[in-house]
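Welcome, and thanks for taking a look at this one. Please have the viewer open beside the text as you read.

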Amino acid sequence: MMNNILCMKWGDKYDDSYVEKLKEQCEANCSIPFKFWCFTDKPEKDWHIPIPTTLDKFFDEERGFFWAYRKCYMFNHGQIPGDNSHFPDNSKFLFLDLDVIIHQDLKYFFELPNDKPWIVRGWWNDIHMVKQNYAKHKSTPLNSSAIVWKSGQMMPVWEHVKKHNELIFFTYASLDNYFAHHWYDPWNEDDGFLQGFPQGDIYSWYKGNVFPDDMELKKLRLGHKICLFNNSKESNDVGELKSLW
Amino acid sequence: MVDHIKFTTEIAEDWKSVLSLLHHDEYNHCIKRIRDASSTSQLQSKLWLVSEIVNLNIDVEKVVLLAGWYANFITPLLIDELGVKYILNLDSDPDVKTISYKFNKRYKIDHDQIENQDMNHIIRNLREVFDVACLYRCEIHNVMFEPIKNYGDFDLIINTSCEHMFPMSRFRKLNRSKNCIYVLQSSNDRQYDDHINCVDSADELADQADIVDTMYSGEMKLSNNMTRYMVIGK
């Protein structure tokens with residue numbers, strides 16, 4: 001079983017230093033063997049994987065949605081048994097966004113039960129608001145900044161996006177919102193295709209930890225595994241993130 | 001012109017049970033949505049819809065509501081003004097099933113009560129079998145992703161939520177065998193994030209749905225200042 005840590009970089013929002021820093025953090029905080037890979041639109045190194053472009057033509061940037069659809073390519077690339085491009089069969093995958101701070105040993109994520117894929121459940125969300133705004137496609141309870149799966153396990157998601165790309169990109173405001181509607185069930189959180197990392201694993205620098213009891217913002221929680229810095233308002237202060245590297 | 005809902009003792013009983021439901025913490029989050037679904041503009045748009053169907057003298061027995069939300073106004077109007085016998089509401093919001101069944105409890109039917117039965121036969125014998133004027137059924141179903149063929153045939157397909165979804169041409173491609181009348185409403189009000197497909201005219205709405213035989217086309221300014229467009233046709 002090969003352990004893989006994946007990240008993804010495209011465009012100019014983050015420069016190469018973010019990828020290098022994430023790689024450094026992983027090497028310093030993972031006590032079991034792993035390979036680090038970066039899906040990128042500018043592949044230069046042997047651990048770089050070119051990002052496909054097949055979905056580009058279906059995504060209409062003018063609609064103003066921030067849609068990280070490129071993440072979906074990870075769920076397909078090298079995931080079919082016998083397709084050993086980069087990953088052998090029976091691999092495990094941990095995807096991380098570039099703007100995370102790792103506090104604890106990442107071994108934990110590779111040792112989670114793998115009956116279902118794992119994704120960040122934003123425990124800082126008020127579940128009442130999640131349900132109230134479900135039909136409005138707001139207050140999404142999931143966050144795709146960290147995802148864990150085993151080979152082929154996310155293939156149904158890829159197939160669904162591939163089949164309904166135009167409809168999906170038109171309808172949902174983000175990848176996370178799409179996940180929440182098709183692959184998760186906020187009413188029965190144990191029943192979805194995706195399961196959320198437990199409380200205490202991952203928190204948000206800009207949104208808090210667990211609603212309503214631990215919602216202090218911009219507070220380090222070193223007992224947690226990972227801190228997320230992404231913010232849907234796109235008002236991230238990269239200086240704050242860099243000061244914590 | 002239809003300008004009111006018949007507020008019967010049965011409706012009073014059912015609508016009261018919705019209010020009772022909201023006392024449960026589990027349904028607290030629905031209060032705002034129920035208030036929104038009970039607004040003046042919601043009623044205006046449904047009265048308009050039913051009035052125009054009455055004017056067209058369309059014979060309707062079986063209706064499917066696409067994204068019909070709680071169907072609190074449309075259900076009694078369709079039954080009392082048009083004599084509709086069967087209403088199926090398909091919505092992707094899991095809360096809709098519980099709440100719309102409360103609003104329309106007097107007509108509620110579950111899937112297992114009609115499974116494998118001929119719907120036309122049931123409709124012909126409604127009074128004898130169920131002792132009601134109409135049957136109301138609700139299912140959680142995203143109509144843009146999955147066809148509705150398993151639910152049977154309908155005379156009328158009503159979608160008053162077109163601004164919330166992909167153009168209706170996709171639904172028609174998914175459900176090619178449906179040779180029934182479409183009643184569609186949308187708006188030009190782009191201030192809401194979930195209004196992902198607003199239009200600026202009834203013609204644009206008709207184009208989006210590949211309507212070629214237009215029986216009615218019009219617009220109405222609602223009490224909330226939103227301009228609503230409606231198309232009826234095939």
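Two residues are in contact if their C-beta atoms, placed from the backbone, lie within 7 Å. With that in hand, B:L205 touches B:C162, B:L184, B:S186, B:V199, B:Y229 and B:V231, leaving out residues up to four places away in sequence. Please keep in mind that this is a predicted model.

**Nonpolar cores**
- The largest nonpolar core holds 66 residues.
- B:L205 is one of the residues that touch the most other members of this core, together with B:V63, B:V64, B:L65, B:I87, B:V183 and B:L184.
- Helix α3(B) gives this core its largest share, with six residues.
- Another core lies apart from that one and has 52 residues, including A:L22, A:F75, A:V161 and A:I168.

**A helix pair in chain B**
- Helix α3 of chain B spans residues 40-56, and helix α4 of chain B spans residues 74-82.
- The two pack at an angle of about 25°, and their axes are 10 Å apart.
- Because angles under 35 degrees count as roughly parallel, α3(B) is roughly parallel to α4(B).
- The crossing of α3(B) and α4(B) is right-handed.
- On the α3(B) side, the residues that meet α4(B) are B:K46, B:V50, B:I53 and B:V54.
- On the α4(B) side, their partners are B:I74, B:L77, B:L78, B:E81 and B:L82.
- Sorted by class, this helix contact has seven nonpolar residues, two charged residues and no polar ones.

**Where the chains meet**
- Chain A brings 14 residues to the contact, and chain B brings 15 residues.
- On the side of chain A that touches chain B, α3 (127-132) and α5 (165-171) of chain A each supply at least two residues.
- That side of chain A divides into six nonpolar, five polar and three charged residues.

**A loop residue in chain A**
- You will find A:Q199 in the loop between β8 (195-196) and β9 (202-204) of chain A.
- Is A:Q199 buried, exposed or partly exposed? A residue is buried if 20 or more other C-beta atoms lie within 10 Å of its own, and exposed if 12 or fewer do. A:Q199 has 13 other C-beta atoms within 10 Å, so A:Q199 is partly exposed.
- Setting aside neighbours within four places in sequence, A:Q199 is in contact with A:W123 and A:V210.
- A:L217 is 18 residues from A:Q199 along the chain, and the C-alpha atoms of the two are separated by 16 Å.

Technical notes. Residues are numbered from 1 along each chain as its sequence is written. Chains are lettered from A and ligands numbered from 1 in the order in which they are written. This is a predicted model: local features need pLDDT of at least 70, side-chain atom pairs count only at pLDDT 80 or more; totals for chains, interfaces and linings use all residues. Helices (H or I, at least four residues) and strands (E, at least two) are DSSP runs, numbered from the N terminus. Ala, Val, Leu, Ile, Met, Phe, Trp, Tyr, Cys and Pro count as nonpolar, Asp, Glu, Lys and Arg as charged, and the others, Gly among them, as polar. Axes are lines fitted to C-alpha atoms, for helices over the stretch in contact, and angles run from 0 to 180 degrees between N-to-C directions. Angles under 35 degrees count as roughly parallel, over 145 as roughly antiparallel, 65 to 115 as roughly perpendicular and the rest as oblique. A crossing is left-handed if the near helix is turned anticlockwise from the far one by less than a right angle, and right-handed if clockwise. A nonpolar core is a set of buried Ala, Val, Leu, Ile, Met, Phe, Trp, Tyr and Cys residues joined through C-beta atoms within 7 Å.
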